[in-house]
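Work through the exercises below with the coordinates open. Try each task before reading its solution.

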Amino acid sequence: MRTQSQFFQDEVGPMADMVFVGCSITDAAEPPLPSGGAAPRRQVVLGGRRVKTVDVHAHCAVPEAMALMGLSVPPEGLSLGPVRLRAMDAQGIDVEALSINPYWYTAERDLAHQLIAVQNEKLAELCAAQPERFVAFATVALQHPDLAVEQLEDGIKRLGLCGVSIGGSVNGEELSNPKFHPFWAKAEELGVLVFLHPQGVPDLAKRLQGNGLLTNVIGNPLETTIALSHLIFEGTLDRFPQLKLCAAHGGGYLPSYSARSDHGCLTFPDRCSGLALKKRPSEYVRDLYFDSIVFTSEALRHLVAECGASQIMIGTDYPYPWTSTAVEHILGTPSLSDAERAAILSDNACKLLRLAS
């Protein structure tokens, strides 16, 4: 078996085409590694069973694709493969599902076609070079829905990618807009996981300026909350009931306050005229999937209470330094059973991403 060092010598091509970056692809910060450099690969065992841990929320970028839009990752934002694998080993992450936050939604059709082709090919090459450690979500030019359908099908069927990642809105348009129905229909047909990552709420930029990085801290979970709420109330989730949709950052604020959504139309029926949902809004929330980035044991306990352990998977948001203890977060939440811990750490993601457990 090749050592990690030999791997990077033999497979430098695919790895050299990829960098790991944070939520904003131009401002990543590398989390510190444990003192002493490389750490032995941590293994997670529950009830005597070795658990394959799968991180569904980790970022990367393809510089060649970014260059097509005149963008680049500054040197301080670069995190190459060897660094990432050492961090995964130290944190106890066996497999990472890589995603790229959309920066291309303003691109015209021909450019978007070229950019996504480069990006998805590079993602597939990386995963083929290290299949036991990386899978990846296909990227699509959702601003051109018919093109996005073609790109999604190509990414899944030809390139073997594990699902598709999208933003929380597209140039100010909600994902519930009927123009995006062909994309949702294709995702449902293919049965793949859609990973929804927010990109903030530009309309609130003025109010979110100042200290606290509120554009991210508040803006990102708020966009997710808005996006999911529209998908519920505009009937998108009724139209495509077999969708597998995972929302980043624990689903934003919606899982913690979905009961208010239930009561909205009861309190203000005139604002829901013509609305014919098949179930209560909170029931749709229980059909969605979420990552575990909610920071405290109490928050995770509540998310499980609202949605069920079957709907949650670990996320690290690597390399943006929100957490380096995603595994401890699950293992250290006292309200969880070992079966629930195994589901969140491994089983749910293995099923949805079609990985061997």
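The exercises go from strands to cores, then to rings and backbone angles.

The model is predicted: local features need pLDDT of at least 70, side-chain atom pairs count only at pLDDT 80 or more, and totals for chains, interfaces and linings use all residues. Residues are numbered from 1 along each chain as its sequence is written, and side-chain values use heavy atoms, with hydrogens and water left out.

**Exercise 1. Strand S5 and its neighbours**

Task: Find the strands that pair with S5, and trace the chain from S4 to S5.

Solution. Start with the assignment: helices (H or I, at least four residues) and strands (E, at least two) are DSSP runs, numbered from the N terminus. Strand S5 covers residues 134-138. Next, apply the pairing rule: two strands pair if DSSP finds at least two bridges between them. S4 (residues 95-99) is joined to S5 by three bridges, and the two run parallel. Within this pair, Glu96 stands opposite Phe134. Now follow the chain: it leaves S4, passes through helix H5 (residues 109-129) and reaches S5 in a right-handed β-α-β crossover. Right-handed means that, with the strands pointing away from the viewer, the path from the first strand over the helix to the second runs clockwise. Then take the other partner. Two bridges join S5 to S6 (residues 163-167), also parallel, and here Ala138 stands opposite Val164. Last, check burial (buried is under 20% relative accessible area, exposed over 50%, partly exposed in between; 1.4 Å probe, protein chains only). Five of the five residues of S5 are buried.

**Exercise 2. Nonpolar cores**

Task: Identify the residues that touch the most other members of the largest nonpolar core, then list the contacts of Leu228.

Solution. Now take Leu228, with contact meaning heavy atoms within 4.5 Å. Leaving out residues up to four places away in sequence, Leu228 touches Leu196, Leu245, Ala247, Gly251, Leu254, Leu288 and Phe290. A second, separate core has 18 residues, including Val95, Ala248, Leu353 and Leu355.

**Exercise 3. Aromatic rings**

Task: Classify the ring pairs Phe137 with Phe195 and Phe183 with Trp184.

Solution. A pair of aromatic rings is described by the distance of the centres and the angle of the planes. Rings of Phe, Tyr and Trp (its six-membered ring) pair if their centres lie within 6.5 Å; planes under 30 degrees apart are stacked, over 60 edge-to-face, the rest tilted. The count comes to six aromatic pairs. For Phe137 and Phe195, the centres are 5.5 Å apart and the planes are at 15 degrees, so the pair is stacked. Phe137 is in strand S5 and Phe195 in strand S7 (residues 193-197), 58 residues apart, and the pair links distant parts of the chain. Phe137 is buried, at 0% relative accessible area. Phe195 is buried too, at 0%. Phe183 and Trp184 have 5.3 Å between centres and 65 degrees between planes: edge-to-face. Elsewhere, Tyr103, Trp104 and Tyr105 form one aromatic cluster.

**Exercise 4. Charges over rings**

Task: Locate the rings that lie under Arg84 and Lys279.

Solution. The test needs NZ of Lys or CZ of Arg within 6 Å of the ring centre and within 35 degrees of the ring normal. Arg84 lies over the face of Tyr318, 3.4 Å from the ring centre. Arg84 is among the buried residues of helix H4 (residues 81-91). Lys279 has its charged end over the ring of Tyr284, 5.0 Å from the centre.

**Exercise 5. Backbone angles**

Solution. Most residues other than glycine have a negative phi, and most peptide bonds are trans. The peptide bond from Tyr318 to Pro319 is cis, with omega near 0 degrees. Pro319 lies in the loop between S10 (312-313) and H14 (326-331). Asn171 also has a positive phi, about 50 degrees, in the loop between S6 and helix H7 (181-190).

Terms used: Core = buried A, V, L, I, M, F, W, Y, C linked by side-chain atoms within 4.5 Å.
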